[in-house]
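Me: Could you walk me through this model, one feature at a time? I'd like the general idea behind each feature, then the case here.

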Amino acid sequence: MASEPLRIPLDQLRQAFDAALRHVEASAGHTVALEEEYFWSVPGDELYDLLNEPKSLTIGQLSESWQHLEDLLADQDRALGYHLVWLADIIRAIGQDSTG
């Protein structure tokens with residue numbers, strides 16, 4: 001089941017993110033309110049293992065993910081690749097809460 005890795009040009013990813021964010025901003029304004037706080041999280045080593053059902057779901061917290069992103073904005077020299085995971089938590093919540 002080996003295949004070539006999906007290659008995503010980062011400039012196109014940035015454009016797609018910007019287009020989606022502009023859409024949300026047009027309907028919600030400059031701030032979004034997330035009604036939920038906690039969510040199920042699948043650990044990274046189990047997330048893409050489709051042959052086995054996840055055994056160790058954990059609980060994530062949107063305010064914690066957002067705090068990590070605020071910390072990043074305060075000191076961008078401390079950026080980690082994992083900030084994308086925290087960003088994904090927030091983006092998923094916004095996307096699932098948005099209409100249209």
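**Buried charges and their surroundings**

Me: Which side chain of opposite charge is nearest to aspartate 89, and how far away is it?

Reply: Start with the terms: buried means under 20% relative accessible area, exposed over 50%, and partly exposed in between (1.4 Å probe, protein chains only). For charge, Lys and Arg count as positive and Asp and Glu as negative, while His and the chain ends are not counted. A salt bridge is a side-chain nitrogen of Lys or Arg within 4 Å of a carboxyl oxygen of Asp or Glu. Here, aspartate 89 is buried yet has no salt bridge, and the nearest side chain of opposite charge is that of arginine 92, 6.3 Å away. This is a predicted model, where local features need pLDDT of at least 70 and side-chain atom pairs count only at pLDDT 80 or more, while totals for chains, interfaces and linings use all residues. Residues are numbered from 1 along each chain as its sequence is written, and side-chain values use heavy atoms, leaving out hydrogens and water.

Me: With which side chain does the side chain of aspartate 89 make a polar contact?

Reply: A polar contact is a pair of N or O atoms within 3.5 Å; within protein, one must be able to donate a hydrogen and the other to accept it, and residues adjacent in sequence count only if both atoms are side-chain atoms. For aspartate 89 the partner is the side chain of serine 65, at 2.7 Å. Contact in the plain sense is heavy atoms within 4.5 Å. Not counting residues up to four places away in sequence, aspartate 89 touches Phe39, Leu62 and Ser65.

Me: Where does aspartate 89 sit?

Reply: Helices (H or I, at least four residues) and strands (E, at least two) are DSSP runs, numbered from the N terminus. Aspartate 89 belongs to helix 4, residues 83–97.

Me: And what does glutamate 46 have around it?

Reply: Look in helix 2, residues 44–47, where you'll find glutamate 46. Glutamate 46 is buried and has no salt bridge; lysine 55 has the nearest side chain of opposite charge, 6.9 Å away. A polar contact links the side chains of glutamate 46 and serine 56 at 2.3 Å. Leaving aside neighbours within four places in sequence, glutamate 46 is in contact with Glu53, Pro54, Lys55 and Ser56.

Me: How many salt bridges does a search of the whole structure find?

Reply: One. It joins the side chains of arginine 22 and aspartate 18, at 2.3 Å from N to O. Arginine 22 and aspartate 18 are four residues apart in helix 1, so about one helical turn separates them. Arginine 22 is partly exposed at 47% relative accessibility, and aspartate 18 is partly exposed too, with a relative accessible area of 37%.

Me: Which residues make up the largest nonpolar core?

Reply: In soluble globular proteins, nonpolar side chains tend to be buried together. A nonpolar core is a set of buried Ala, Val, Leu, Ile, Met, Phe, Trp, Tyr and Cys residues joined through side-chain atoms within 4.5 Å. The largest one here has seven residues: Val24, Leu62, Leu69, Trp86, Ile90, Ala93 and Ile94. Helix 3 (62–74) and helix 4 each supply at least two residues of this core, and helix 4 gives the most, with four residues.

Me: What does valine 24 touch?

Reply: Valine 24 lies in helix 1, residues 10–28, and is buried, with a relative accessible area of 14%. Not counting residues up to four places away in sequence, valine 24 touches Gly29, Val32, Ile94 and Ser98. Valine 24 and serine 98 are 74 residues apart in sequence, with their C-alpha atoms 7.1 Å apart in space.
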